[in-house]
Amino acid sequence: MPSRYLSFRCSLPWLILLLQTLFLLHSFVGFPGGDDIYSPYSLYPELQDVNHMVVFGFGFFLMVLRRFGFSSTGFNFLLVALGVQCSVLLEDCFVFLRAQQNEAGMKSLAKALVSMTAVVISTGAVLGKANPVQLIVMTLVELIFFSVSKCINRTYLQVPGGLQTLMHVHLFGAYFGLAVASRFPGAPPGLDKHRSTPRSELFSLLGTVFVWVFWPSFNSILADSRREAVLNTYLALAVSAVAAFMLSALTSKDGKFRVAHVHSAVLAGGVAVGSTAHSIQHPWIAMILGLLGTGITILGSHCLQRCFNRALKLQDTSGVHFTFGLPAVLGAVASVVLCVVEKGIAKQWNDLSSLGYLIFVAVGAFCQTICTALITGLITGLILNIKLLKAGHVSKYFDDQFYWEFPHLSVGF
């Protein structure tokens with residue numbers, strides 16, 4: 001390896017070994033014996049779908065940079081493998097502290113995979129800038145803060161455990177990642193490695209299709225009414241896909257489709273109905289949310305990139321703000337409105353005090369989640385830029401050769 005590239009031999013392997021040893025000790029003393037660890041087995045199909053979505057789907061979804069394909073997929077795989085074990089360990093810690101009920105086995109693994117989605121989304125914001133050591137540290141810190149945020153929502157705001165995991169996973173992941181990315185130095189103007197190529201966009205679009213296909217299982221894996229969640233999510237995604245092509249042709253200069261629009265907007269419906277898919281009684285509501293989510297994503301990408309990104313100095317490599325953040329905000333608002341309307345109709349609008357309390361709780365959970373994400377993300381970004389974690393120079397951003405061996409010296413790369 002050329003001398004101009006840093007070596008992680010003295011840091012990364014030992015950090016991974018330390019973490020894996022800790023996880024092994026936890027599995028030795030923490031997992032229950034007998035058949036309890038494998039129950040409920042009926043959860044396995046949805047669990048496998050979510051696993052495919054997080055590993056394959058997001059792994060290819062992040063391959064948008066022309067010289068960062070190996071790292072996008074490889075680092076995502078490493079973070080998921082480590083993060084799921086860490087999330088299970090954190091769940092057991094909260095059980096030990098009596099902050100939540102014990103859900104060992106397949107249910108705990110399902111919640112860990114869903115929680116890892118927040119980390120994968122955050123990774124998209126710092127893609128190409130953070131090295132593997134920084135990404136592992138970010139994963140550990142984010143899972144801790146996300147678990148604390150869930151605990152606050154569950155304990156003080158009485159949000160159901162499985163529901164609040166899905167309710168704010170996209171919201172927390174997007175704004176935590178944006179806050180972390182804001183602490184990294186910006187790429188120099190002359191650096192063109194952060195651009196995409198037709199081949200990298202093709203792989204990224206393939207990842208989008210993977211995520212789109214498996215998203216109904218993601219929204220239903222922790223829901224009580226799985227059939228309703230699957231139906232509403234699929235319809236919202238279908239409308240999002242159709243609307244993405246329609247709006248892409250309408251907003252482009254020459255009336256052609258833009259890959260960037262399809263890449264981000266087709267998932268907006270699944271994000272928007274994430275917290276309400278199980279409770280929507282009329283499928284047309286989910287379809288409207290899918291349409292609104294796509295509109296917010298495409299129009300938001302125009303406004304944010306041209307107006308606010310430079311003013312607010314937002315750094316968002318993969319566009320997680322308008323792909324996951326804005327539709328998640330729409331979903332949070334929709335959950336408040338639908339909950340108030342449902343309770344109001346059931347009580348014939350006679351008990352306005354209880355409706356006011358519902359609004360207070362829902363808005364409080366939303367504000368708590370986004371504030372925790374932003375504050376802890378800023379703190380994490382400062383931690384990641386200390387010299388001990390070997391922050392890379394800006395000239396080495398978005399470059400696979402900084403981390404991977406290329407015997408052919410990148411000929412044809």
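Because the model is predicted, local features are given only where pLDDT is at least 70 and side-chain atom pairs only at pLDDT 80 or more, whereas totals for chains, interfaces and linings use all residues. Residues are numbered from 1 along each chain as its sequence is written, and side-chain values rest on heavy atoms, with hydrogens and water left out.

A search of the whole structure for disulfides, defined as pairs of cysteine sulfur atoms within 2.5 Å, returned 0 of them. Cys86 takes part in no disulfide, since the nearest cysteine sulfur, that of Cys93, lies 8.8 Å away. With a relative accessible area of 7%, Cys86 is buried, a word that stands for under 20% relative accessible area, while exposed stands for over 50% and partly exposed for values in between (1.4 Å probe, protein chains only). The sulfur of Cys371 is 6.1 Å from the closest cysteine sulfur, in Cys367, which is too far for a bond; Cys371 itself is partly exposed, at 42%.

In the whole structure 19 aromatic pairs were found. The ring centres of Phe58 and Phe324 are 6.0 Å apart and their planes meet at 40°, so this pair is tilted. Because Phe58 lies in helix α2 (residues 44-61) and Phe324 in helix α13, the pair ties together parts that are 266 residues apart in sequence; helices are DSSP runs (H or I, at least four residues), numbered from the N terminus. Phe58 is buried, with a relative accessible area of 1%, and Phe324 also counts as buried at 1%.

For Phe245 and Phe257, the centres are 5.2 Å apart and the planes stand at 85°, so the pair is edge-to-face. Phe245 belongs to helix α9 (residues 226-251) and Phe257 to the loop between α9 and α10 (259-265), so parts 12 residues apart in sequence are tied together. Phe245 is partly exposed at 38%, whereas Phe257 is exposed at 54%.

Definitions and conventions: Rings of Phe, Tyr and Trp (its six-membered ring) pair if their centres lie within 6.5 Å; planes under 30 degrees apart count as stacked, over 60 as edge-to-face and the rest as tilted. Helices (H or I, at least four residues) and strands (E, at least two) are DSSP runs, numbered from the N terminus.
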